[in-house]
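Please brief me on how this model is put together. The points should cover helices, sheets and nonpolar cores, with the cut-offs behind each term.

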Amino acid sequence: NGDGMIIEGGRNDRLTRLAGTMHAKGMSKEAIAAGLLTENMARCRPPLPEAEVRRIAGNITTLYAPGPIEVLPTKAEKEVFTVALTTADTVIPEKINWLWYPYLPFGKLCLLGGNPGLGKTWVALGIAAAYSQGKWPFLLDGPPSEQEPGGTLFCASEDGTADTLVPRLIGMGADLSKIVFLEGKRDFKGDLHRVVLNEEDILDDAIAKSKASLLIFDPFQQFLPPRTKMNEMETVRPVVDALIRLGARTHCSILLLGHLNKAKQDTLGYKFLGSIDWFAASRSALMIIPDKDEPLTKRVLYQIKNSLTPAASGVEFSLLEGSCPFQWGNHTAVSAEEMFAGSSGQEARSTAAEQFLIKELATGEQRSDDLITMAEALSISRSSLFRAKKKLDIKARKSGFSSAWYWHFPEEETN
């Protein structure tokens, strides 16, 4: 008030501000309490109880108690690294458990490669369907495979779930309740966004909610994070590391489906599209190769790499007509290298083209444009198709109405 006294209603505020000023000057708790007691008796009307004054002094020193001082490293210190070492006797050997021996180990990264149209998705769905039933199509000698039915989290970007994937699963007798499709991630507005390979938190949550122990990306190139380049080690390696961590943490077998490159390679491991890091980091790498004798309907699934146990021999499968065209076949003694060399040669390509034309023209003439489109979908090139046309003596005629060309066998009568 006017005479300098601190009246009731302003005493706590005045002494608190005074305590703050004294604390800022570095005074101790005892010195602050002594100063406040003096000020309280001299100017406060009526004075506050001594206990209240000491409480104010204690509160201010506690509230503004100095914390640890963070010392930021210098630029030179940031560039200095220390070596990290582990002695072998401190490492506990990891027991490998198998989803399907020797193809898919639990908790590990695996690859499945093949050219378009050879049945990568069919094989992946066949594995998921078998796992959903706890019934593997065949078992090899060695450690046990998982016998209990289990769940699959399927991430697809090319085939539709309603028109392609689910009908195929139904034909395979899958337990559909155990196969879950990851549609994406939703933001706060409910809008759907793409999930990418290194989003560990999102994938952790999806695996837990779907109760999956098999995670499939088909094809995995469509799930790359922004600015990740398939052939660039510096951008690929962090994504690979994220998938390795995800598998180890969730005990989920992760299967990446991908295409092969078109380069001529002596080593099949280099045929997988993208940086060699994808192949190097995988514990099991599978490849689909057309059968050199029946390339149009029969394929062979080979294990090109197995870092955990001897690799399996190739196993045949077929894609035939009917409600369930996918059928597993027999194991083959033909090596992957021999099969690949045979199926990738001109003679094998011509054989595939010939079988295609014989099948498609068996019921009558067809538009040449339609045949070319269908052949390309089966990885039969235009040049291979025309070589087969010449060899089979297939004739062509031009329609007078549509100006389209039609192909037919010479014995067919056309108007």
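The buried residues of helix H1 are covered by elements that include strand S1 (6-7), helix H2 (29-43), strand S2 (44-45) and helix H3 (50-63), where contact means heavy atoms within 4.5 Å. Helices (H or I, at least four residues) and strands (E, at least two) are DSSP runs, numbered from the N terminus. The model is predicted: local features need pLDDT of at least 70, side-chain atom pairs count only at pLDDT 80 or more, and totals for chains, interfaces and linings use all residues. Residues are numbered from 1 along each chain as its sequence is written, and side-chain values use heavy atoms, with hydrogens and water left out.

**Helix H1**

- Arg11, Leu15, Leu18, Ala19 and Met22 are buried in H1; buried means under 20% relative accessible area, exposed over 50%, and partly exposed in between (1.4 Å probe, protein chains only).
- Seen down the axis of H1, these buried residues fall within an arc of 105 degrees, so they line one face of the helix; the arc is that of the directions from the helix axis to the C-beta atoms.
- H1 (residues 11-24) has 14 residues that should span 20 Å at 1.5 Å a residue, and its end C-alpha atoms are 20 Å apart, which agrees; the expected span is 1.5 Å times one less than the number of residues.
- Gly26, which follows H1, has a positive phi, near 90 degrees.

**Helix H8**

- H8 has 18 residues and reaches 25 Å from its first C-alpha to its last, close to the 26 Å expected at 1.5 Å a residue.
- Its buried residues are Thr235, Val236, Val239, Val240, Ala242, Leu243, Leu246 and Gly247.
- Viewed down the axis of H8, the buried residues fall within an arc of 155 degrees, so they line one face of the helix.
- Glu234 and Ala248 are exposed on the face of H8 turned away from its buried side.
- The buried residues of H8 pack against strand S5 (109-113), helix H7 (200-210), strand S10 (212-218), strand S11 (253-258) and helix H9 (276-281).
- H8 lies across S5, S10 and S11, running at about 145 degrees to S11; axes are lines fitted to C-alpha atoms, for helices over the stretch in contact, and angles run from 0 to 180 degrees between N-to-C directions.
- His251 follows H8 and has a positive phi, near 60 degrees.

**Nonpolar cores**

- A nonpolar core is a set of buried Ala, Val, Leu, Ile, Met, Phe, Trp, Tyr and Cys residues joined through side-chain atoms within 4.5 Å.
- Of the 39 residues in the largest nonpolar core, Leu111, Leu197, Leu215, Phe217, Phe220, Leu256 and Trp278 touch the most other members.
- Helix H8 (residues 233-250) gives the most to this core, with five residues.
- Another core, of 38 residues, lies apart from the largest one; among its members are Leu99, Trp122, Trp136 and Cys324.

**Sheets**

- An open sheet of nine strands has the order S7-S6-S10-S11-S5-S12-S13-S14-S15, with mixed pairing; two strands pair if DSSP finds at least two bridges between them.
- Its edge strands are S7 (179-181) and S15 (326-332), each of which pairs on one side only.
- The twist averages 20 degrees from one strand to the next.
- Strand S13 (residues 298-306) and strand S14 (residues 314-319) run antiparallel and are joined by four bridges.
- Elsewhere, strand S17 (residues 395-398) and S18 pair in the antiparallel sense over four bridges.
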